[in-house]
Each structure stands twice: as structure tokens, then as C-alpha cells.
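Trainee: Could we go through how helices and strands are arranged in this entry? I would like the conventions stated as they come up.

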Amino acid sequence: MPPVAQTFQLALRHHQAGQLSQAESLYRQILAVQPNHAGALHFLGLLAHQAGHRILAEQLIGRSIALEPNDPDAHCNLGEVYRATGRLDEAVASYRRALALDPNHPEASDNLGIALAEQGQFAEAITAHQRALQLKPDLASAHNNLGTALVEVGCIEEATASFRRALERNPDYSDARFNYSLVLLLQGEYERAWPFYEARADDPSWPKRNFSVPRWNGGPIEGRRILVHAEQGFGDSIQFVRYARLLAARGAQVILESPSTLAKLLSEASGVGETVIAGEPLPAFDLHVPMLSLPMLFQTTPETIPRETPYLFPNKALTETWARRLGERLGERSPRLRVGLAWAGRPENARLRKRHIDFATLRPLLEVNGVDFISLQIDQAPAAIQQFPNPSQWIDITAEIHDFADTAALLAHLDLVISVDTAVAHLAGALGYLVWTLLPFVPDWRWGLNSETSAWYPTMRLFRQPFLGDWDSVLQRVAAELTQLAARDAAQRASGGSRFF
């Protein structure tokens with residue numbers, strides 16, 4: 001074998017063994033001798049992709065393809081680079097090119113399915129994953145990815161089976177363990193799910209916390225100082241800070257580490273003794289625990305969820321401030337229902353965009369009479385409101401909201417909150433306020449599959465899509481319910497009675 005070929009084979013062995021620096025050095029040695037060595041360019045580009053250097057990866061793999069345009073692996077890996085940068089159309093095209101060159105390429109078919117799912121094309125994604133499994137039945141990633149796509153179209157039992165098959169093939173597959181936990185939680189099988197839910201911390205992108213004190217394992221904590229560190233999204237922190245009360249009831253002094261936008265609000269939470277903003281120096285503590293491990297440590301089932309609300313409370317001074325602000329905007333108009341409205345979650349991918357409602361779709365709500373709508377949608381005050389009936393019913397003072405403590409103080413002056421699955425919905429529920437939450441066809445695990453009420457928030461009502469993507473029927477139903485609510489409230493006030501809710 002010529003020396004360059006020998007060096008390339010050695011580089012591949014290092015690469016496959018995870019010895020990446022040795023592999024990179026050998027690829028570069030090859031390119032110093034043969035600058036147009038397609039294989040070395042391809043795999044050096046793959047190393048760049050693995051290190052997060054997407055532009056360099058695209059350049060190197062692109063040069064490799066220019067030299068060897070019929071290499072399906074290179075097209076497949078270029079698709080991975082495109083997908084990592086959100087260029088889904090280009091990713092799909094690259095995977096399809098790889099499959100045109102090699103129809104029996106299971107990884108290209110599996111990756112195609114991932115990209116299609118991220119575009120919201122779940123039926124095509126399922127077909128692509130199934131094709132990958134026909135080609136390679138033991139491909140654990142394809143079983144896992146098939147499961148995630150099946151969840152999105154409501155095939156829950158089939159998805160559960162797919163995650164189990166992935167774990168049968170690779171019991172240590174952390175993505176499959178975490179996804180399995182989510183589908184179990186969605187079905188209310190909390191006890192089985194919580195141990196698998198711990199796999200969330202195995203994700204390489206998960207923030208690693210190294211403390212000199214032990215992690216709490218559920219044992220005695222009376223007289224101990226325990227650091228609870230928030231994780232995941234704002235809504236998660238609002239939902240699970242309820243466990244501080246349970247820790248305090250066992251005699252612990254709870255120190256809560258929180259994002260800055262939540263710190264003032266969560267400092268008012270039941271059971272929280274001290275709050276520190278994430279990134280600031282920590283006080284002394286004896287134990288630590290990630291916030292979303294608390295349900296497992298308290299052996300939470302759907303029947304034992306700590307449901308008592310409120311467990312958060314608006315700041316009194318801010319509540320008075322927001323009373324004045326809202327009063328100035330409402331003026332002397334006759335009393336009407338005050339309804340806070342949040343209609344959009346984060347739109348980064350198809351699974352998050354499903355919680356987003358286009359503003360125009362809200363029209364049935366905005367046509368309801370006897371209601372003042374107060375925007376709770378930060379940074380999305382639409383000029384389109386002027387196109388709808390009764391624009392004077394719309395109030396937007398979100399520019400004056402600086403953190404969740406402000407939002408909580410504003411909510412104290414509303415009669416109802418209507419929100420998609422965002423932190424606003426969690427906040428209203430945690431405060432014990434009336435809230436209607438609008439859910440996609442297959443929601444996040446915490447809302448379950450069928451109920452119109454929430455096991456986590458007694459004052460919350462759930463409005464679910466009857467099928468995938470159908471916000472229109474949801475908004476029609478909510479508008480009808482709101483019309484009745486406004487009419488009953490107006491009649492009650494006209495008769496001299498107090499507000500009925």
C-alpha cells in the first residue's frame with residue numbers, strides 16, 4: 001500500500017477510536033503531500049463539524065465533493081453540517097443526493113428523517129426512519145428517531161415501543177433513555193419515567209455542575225443547607241420551584257440558584273430561604289440538587305403531585321405600581337373582563353413552533369365584546385392589531401415589563417390569562433390565577449394526553465388541538481367560552497352582584 005494510503009487508513013482508525021487529535025494530525029500530513037486528497041478533506045471536515053467549526057467543515061467537505069462528487073458519505077456528512085446550522089432545505093437535498101448515489105445507505109435515510117421532522121414533515125420523516133430500519137434493523141438511532149417522529153403525530157404506543165427497541169440495542173443510549181422518559185411521563189407513568197429522565201444530564205450540551213459537596217439523594221436533610229439549581233426553561237423553574245416548600249417542610253434551608261429574570265419572582269416562593277442569581281458567587285451549602293430531579297426524589301406520581309397553589313406571590317410594591325400603570329391605560333371605561341394574552345412560544349424548530357399561533361389566527365378572540373385584552377407577549381406587539389375589530393380593546397405595555405416579577409404583578413390585575421404553553425401559563429397557574437392554556441395536538445409531557453384540567457395547576461383549564469396543526473378550532477372554542485364568560489360577568493355586575501369568579 002502506498003505511504004499516503006497507509007497514513008489515511010491509520011488516520012481513519014484513530015478517528016473511529018475517538019483519538020481525534022491524532023487523526024487530525026495525520027489528515028493534515030496527507031494534505032501537505034496531496035492537497036486534493038478527497039478522503040482527507042472529507043474527514044478533516046467531519047472533524048471540524050464535530051468540533052463545532054461549521055464554516056470550515058462546509059468548506060472542506062465541499063472541496064471533497066467537488067473532487068469526488070459520487071461519494072454518498074460525503075453528501076450525508078455535508079447534510080449534517082447544514083442541519084446543524086439550521087439550513088434544513090440544503091440538508092434534505094444533501095441526504096437525498098446521498099441516497100440517490102446509494103439507496104441502501106441507512107444513515108442517510110435516518111438523517112433525512114431527522115431533517116424532515118425538524119421541518120414539520122412528520123409523515124415523510126417516519127417513512128425515512130422506517131426505510132433506515134429496513135436496511136439496518138439494529139440501528140439504535142433510527143429506532144430512537146422514529147419514536148420522536150411517531151410522538152409528534154400522536155402514535156404514542158408505537159413511539160414507546162420504538163424507544164424500547166433503541167434501548168434494547170444500546171441500553172446506555174442517553175437520547176433514547178431521555179425520550180423514553182418523556183413518552184412515559186406523557187402517559188402518566190411517572191414512577192417508571194423519573195429514573196430515565198435523569199439521562200437529560202448526559203447530553204454533551206447540558207451544563208455540567210461540579211460541586212465539592214454531595215448531591216442530595218433523598219435522605220434526611222433537617223438542619224442542612226441545600227442548593228437547588230434551576231435548569232431548562234423559565235416555565236420549568238416556575239413549575240418545579242414548588243418543591244422548595246417540601247424541602248423546607250423536612251427541615252432544610254433552601255438556597256435557590258436562578259436566572260436573573262426569575263430571581264426576584266422566585267425569591268417570593270414558598271420554602272425558598274435565599275436566592276442567588278446564576279453566575280454569581282454561591283454561599284456555603286451542604287448538599288445540592290438539580291431542580292428537575294426533585295420529583296423523582298420525592299417519588300412523585302400523578303396522585304401525589306404537590307398541587308397546592310399559590311406557591312408564588314406577586315411583590316406588593318410592584319403590584320401597586322402595575323395597578324397605576326394599567327389604570328392609566330384603561331382610563332374611565334366601564335368595567336370589562338381583563339384578559340392577558342400570550343400566543344407565541346420559541347420558534348427555533350418544528351417541535352417548538354407547534355406552540356406558536358400566528359397572530360391572524362387570534363381573530364375570533366379579538367372579536368369578543370366586553371373584553372380588554374392585555375398583551376403578555378414580550379417583543380411582539382403587532383401593528384396588525386389595527387386591522388381587527390375594536391382595536392381600542394387591545395393594551396400593550398410590555399415595554400415596561402423587565403422580569404417575571406413585573407409579569408406576576410401585572411397578572412394580579414387580570415381576570416383571566418389565555419396563553420399557549422409558555423412560562424406565562426405556568427406563572428398564572430403558580431400564582432393561583434384563572435388561566436386557559438392552549439395546547440398542540442401532542443403537547444409537552446406535563447399536560448398529559450386527554451384531560452381538560454391540569455394535575456399541576458388547579459386553576460388551569462386546557463384547550464387541546466383535535467388534530468395536528470388545528471389552531472382554528474381551538475380559537476373558535478376559546479372565543480365561544482370567553483363570550484359566555486364576558487356575558488355572565490356583565491349580567492352579574494348589572495344586577496348589582498359581585499364578580500362571579
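Mentor: A crossing is called left-handed if the near helix is turned anticlockwise from the far one by less than a right angle, and right-handed if clockwise. This is a predicted model: local features need pLDDT of at least 70, side-chain atom pairs count only at pLDDT 80 or more, and totals for chains, interfaces and linings use all residues. Residues are numbered from 1 along each chain as its sequence is written, and side-chain values use heavy atoms, without hydrogens and water.

Trainee: Which hand does the crossing of H3 and H5 have?

Mentor: The crossing of H3 and H5 is left-handed. Helices are DSSP runs of H or I with at least four residues, strands are E runs of at least two, and both are numbered from the N terminus.

Trainee: Which residues of H3 and H5 make the contact?

Mentor: H3 contributes His42, Leu46 and His49, while H5 contributes Asp73, Ala74, Asn77, Glu80, Val81 and Ala84; contact means heavy atoms within 4.5 Å.

Trainee: Changing topic, what is the strand order in the open sheet?

Mentor: The six strands run E7-E6-E5-E8-E9-E10, with parallel pairing. Two strands pair if DSSP finds at least two bridges between them.

Trainee: And which strands are at the edges?

Mentor: Strand E7 (394-395) and strand E10 (460-464) are the edge strands, each pairing on one side only. E7 pairs with strand E6 (residues 371-375) in the parallel sense over two bridges.

Trainee: Which residue stands opposite Trp394 in E7?

Mentor: Phe373 stands opposite Trp394.
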